[in-house]
Amino acid sequence: METKLIKVCRPKPEAELLQPAVQALQRGEIVAFPTETVYGLGAVWNRPEAVREIFRVKGRPQDNPLIVHETSVERMKFYFAEWDAVADLLARTFCPGAFTLIMKKSPAVSSPVTAGLDTIAVRIPEHPVPRLLIELCGQGLAAPSANISGRPSPTNAADAWEDLQGKVPFIIDGGPCDFGVESTIVSWTSGKLELLRPGGVSAEAIEAALAAAGLNIPLLRPSSLQLPPGAVPRAPGMKYRHYAPQARVHVLTGASTEEKFSHLRKLAEEKRLGAKPTFYISRHLADRLHAELPELAERAGAVIAFSEEKSHAAAAQGLFAAFRQLDRLGASDIWAEEQSSDHVGAAYMNRLLKAAAGDKQGVLPPREEERE
Ligand code: TXA
Ligand code: MG
C-alpha cells in the first residue's frame, strides 16, 4: 500500500487537505494523526472491520481495548452507561486534554474497541487535527498510539512513518507532540477511582480538583505506579519490555545532578556503560559529562540533552523520540536520567522504567506488563 503524508498547519489545520483522510476513514480505512500526547492510529469507532484493522496493523493483542476520541463532554456522555458528579467534575476540569476516562459502557455501545469489556475509555483531545477529523467524519475515532505493538509511541510524523509506512493510506503530519507521553488514564467504576496510567495530567492535579469540589474520593494508584521518592528499587527481570527501543535501557539514578554525575563516573570507571553507550540526560548533566569525562563523551554514540527548565515535562516530551533516534544510531545501551516521580515526572518515570524492565543495573519492573 502506498502511504501518503499530509502536512497540515498546527494551529489551523486545512480541512481541504484532510478530506482524503476523512474519506478513507469513512470507507473503513485507518489513518495516523497527531494528538497533543502522542500520534494515534485511528478508525471510525463503530466500524468493526476498521477497528480490527488497527489491531492487525499494530500487532496488538486482541484483548487490549482502545480509547475512543471525541470532541465534547456532551458527546463523551453518549458512550457511558451513567454520568455522575465525579465524572462531570473530571471531564469538565481535564477535557479537552491529556486525560482519558474509563467508566461502564452504555448498552448502546457495541464495538471491538472495548475488547469485550463492559467498560469503555474515552478522551477528548485538545489538538486541532483530531478534533477536525472527528468533526468532518461525524463520528468518534478509536485510536491507540501509532506504534507497532511494543515499540515506543511515535511523537512526530517521521516516527509514525517509520512504523506505519506501507501499512496505512495516510499519515497526517501536525508536527511534534506537546506532551510526548500518552494521556493519563483514570477509571471510575463501582465507586472506585483508579489511576491506571500516569500521563500529561498529574495525579496531584486530579486530587486537587476533587478536593476543591468537596468530593472526598481517594485516587487509588496500583502498586506498580508507586515509587519511593528518589529511589529506583531493584528487582529481577520480567517477561516483556514495553515502550522499548532495541537498545538496552538503563536509569541513571540519583536524587540530584551531583549524585547522578557520581553514578555516571563510577559506571564509567567500572566499564559498565556498554559497548556503545548513549545518553538521554538534562543539559546540566550533559555539560558536566563533556567537561569532566571527555573520553566518555568522545566514546558515547550520542548525548541527547533535555532542558533543565521544567525538566519533568521536557524529559517526558523527548523520551520516545530519543529512544527511536538512539536506536537508529545503533546504540547498545541508553542511559536515561532519573527524574523525581511527582507531577509529570510520574509519567516520565513510568515509561522509562517500563522500557528499562529487566535492566540488570536495577530497576523496578511494573507489575502488569501487557503490551500496548
Ligand atoms: O494519549 C493517548 O491516550 C494516546 C492518544 C493516541 O490518544 N492513545 C493511547 O492509546 O495511548 P493506547 O491504546 O496506546 O493505550 C490505551 C490504554 C491501553 O493500555 C489499554 O489497555 C487501556 O488504555 N484501556 C483502554 N480501554 C480500557 C478499558 N475499558 N479498561 C481498562 N483499560 C483500558
Ligand atoms: Mg500505546
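I began with helix 7 (residues 203–212), where A203, I206, A209 and L210 are buried. My cut-offs: buried is under 20% relative accessible area, exposed is over 50%, and partly exposed lies in between (1.4 Å probe, protein chains only). Helices (H or I, at least four residues) and strands (E, at least two) are DSSP runs, numbered from the N terminus.

I then looked down the axis of helix 7: its buried residues fall within an arc of 125 degrees, so they line one face of the helix. That arc is taken from the directions from the helix axis to the C-beta atoms. On the face turned away from the buried side I found the exposed A211 and A212.

This is a predicted model: local features need pLDDT of at least 70, side-chain atom pairs count only at pLDDT 80 or more, and totals for chains, interfaces and linings use all residues. Residues are numbered from 1 along each chain as its sequence is written, chains are lettered from A and ligands numbered from 1 in the order written, and side-chain values use heavy atoms, without hydrogens and water.

What covers the buried residues of helix 7? I noted helix 4 and strand 5 (99–104), among others.

**D333**

Next I checked D333, which sits in strand 15 (residues 333–337). D333 is buried, at 3% relative accessible area. Its side chain makes a polar contact of 3.1 Å with that of R248; such a contact is a pair of N or O atoms within 3.5 Å, where, within protein, one must be able to donate a hydrogen and the other to accept it, and residues adjacent in sequence count only if both atoms are side-chain atoms.

How values were computed: Contact = heavy atoms within 4.5 Å.
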